[in-house]
Amino acid sequence: MSSHAIAEPQTPHPEESTTTTTDQPPIFSPDNRWKPWLLIALNILFLLAGQSAAVLLTKFYFNNGGKSKWMASLMQTAGFPLLYLPLLFFPSFNKQSPSSSNNITHYVVYFSLGCLLGIDNFMYTVGVKPLSISTYSLLCASQLVFNAIFSVVINCKKLGILTLNSIIFITVSASMVAIHPDSSETKRDEKNPVRKNEHTIGFISTVGASAGYALLLSLTQFSFDKILKKDTFSVVFEMQIYTSLVSSFVCLLGLFLSLEFMDLKSEMEKFDEGKVIYVVSLIGIALAWQICTVGVVGLIYLVSSLFSNVVSMLSLPFVPVVGVLLYKEKMDAIKVLAMLFTLWGFASYIYQQYLDDKKSKKKESQEIEASKSEV
């Protein structure tokens with residue numbers, strides 16, 4: 001469910017804001033004020049559509065005879081060369097000043113984050129295989145809880161009362177889903193039974209993946225603030241490419257070491273919907289994740305990484321509804337209540353971030369005014 005290397009933001013310092021502004025392309029000129037909003041709307045569509053489609057296609061892959069968890073994980077980042085396509089349509093992005101990527105420290109950062117991303121993608125895949133779409137999506141919302149924890153520990157952010165409120169409600173929601181037996185998972189097709197231990201592993205993997213991705217976000221922001229020193233388009237794009245490359249190699253290595261690659265031919269031949277649909281589903285997963293990533297990178301650059309994170313979580317409460325419509329999953333009273341708790345926790349988290357951002361901007365403007373008065 002990951003959107004790959006999105007940073008949990010902190011408001012930049014005045015001098016960093018100047019750097020970011022000068023790095024923006026001509027579309028932000030006064031004569032083209034409508035274009036940023038058009039691009040923002042387009043990137044939101046990319047992110048939400050890509051993320052939702054990728055999760056649903058992954059579930060389709062497993063429901064119809066797909067078994068390779070490492071292959072499904074690999075598809076989450078293997079399409080990263082497609083990220084270069086937006087540069088063909090917006091060449092002004094490619095004229096940005098390059099980052100100082102010759103620093104060996106930068107490559108160490110990319111490698112470390114890429115390895116974490118690859119392992120995290122695998123854990124998400126282990127979770128989505130045995131769990132229903134509705135259960136999986138509700139558990140993924142626990143990422144907000146871990147976001148709050150790691151942002152305090154790593155990024156030194158204060159924990160607001162509304163964030164605590166969101167932690168409580170989302171934790172209760174995840175607990176309800178964990179202890180409540182899911183008829184969608186126990187009454188599966190006889191060819192693919194889901195045992196109790198598989199459900200437990202799926203639950204632990206999904207929550208663990210949510211924690212791992214929250215850690216990835218905080219470490220990415222820490223890298224931007226302390227090591228890379230800026231989050232311009234070129235730096236964000238470069239980090240996305242390198243981390244996706246490393247993540248793909250990690251999953252490819254896992255595919256061979258686990259010997260799952262030996263069963264791929266048999267898996268394709270036995271796929272319920274046929275060989276062609278098997279290949280199309282895997283290509284669709286890779287394409288959907290890269291469409292999502294284009295939206296992620298675009299929103300980080302056009303607005304902020306906070307906004308990108310918030311949008312990436314918007315689909316979580318609504319994917320269960322799609323699961324009910326497409327996969328005939330049962331949405332009982334417990335799941336509905338858990339979804340409402342998740343929505344309330346999600347709204348509390350967003351509003352707290354809005355208040356923090358507003359307070360930070362007010363403080364920043366006061367500091368600027370104070371410095372002007374001193375001059």
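Buried means under 20% relative accessible area. The views below come from a predicted model.

**View 1. Helix 13, a largely enclosed helix.** Helix 13 covers residues 275–302. Of its 28 residues, 20 are buried, so the rest of the structure largely encloses this helix. At 1.5 Å a residue, helix 13 should span 40 Å. The C-alpha atoms at its ends lie 41 Å apart, which agrees.

**View 2. Helix 11 against helix 13.** Two packed helices are described by the angle between their axes and the distance between the axes. Here the axes come within 9 Å and cross at roughly 155°. Angles over 145 degrees count as roughly antiparallel, and helix 11 and helix 13 are therefore roughly antiparallel to each other. Their crossing is right-handed. Helix 11 contributes Phe-233, Val-236 and Gln-240 to the contact. Helix 13 contributes Thr-293, Val-297, Ile-300 and Tyr-301. By class, the contact of helix 11 with helix 13 has five nonpolar residues, two polar and no charged.

**View 3. Helix 5 against helix 11.** Helix 5 spans residues 104–128, and helix 11 spans residues 233–257. They pack at about 50°, with axes 7 Å apart. Helix 5 and helix 11 are therefore oblique to each other. Helix 5 passes helix 11 in a right-handed crossing. On helix 5, the contact residues include Tyr-107, Tyr-110, Phe-111, Leu-113 and Leu-117. On helix 11, they include Glu-238, Met-239, Tyr-242, Val-246 and Val-250. The contact of helix 5 with helix 11 holds 13 nonpolar, five polar and one charged residues.

Conventions:
Residues are numbered from 1 along each chain as its sequence is written. This is a predicted model: local features need pLDDT of at least 70, side-chain atom pairs count only at pLDDT 80 or more; totals for chains, interfaces and linings use all residues. Side-chain values use heavy atoms; hydrogens and water are left out. Axes are lines fitted to C-alpha atoms, for helices over the stretch in contact, and angles run from 0 to 180 degrees between N-to-C directions. Helices (H or I, at least four residues) and strands (E, at least two) are DSSP runs, numbered from the N terminus. Angles under 35 degrees count as roughly parallel, over 145 as roughly antiparallel, 65 to 115 as roughly perpendicular and the rest as oblique. A crossing is left-handed if the near helix is turned anticlockwise from the far one by less than a right angle, and right-handed if clockwise. Contact means heavy atoms within 4.5 Å. Ala, Val, Leu, Ile, Met, Phe, Trp, Tyr, Cys and Pro count as nonpolar, Asp, Glu, Lys and Arg as charged, and the others, Gly among them, as polar. The expected span of a helix is 1.5 Å times one less than its number of residues. Buried means under 20% relative accessible area, exposed over 50%, partly exposed in between (1.4 Å probe, protein chains only).
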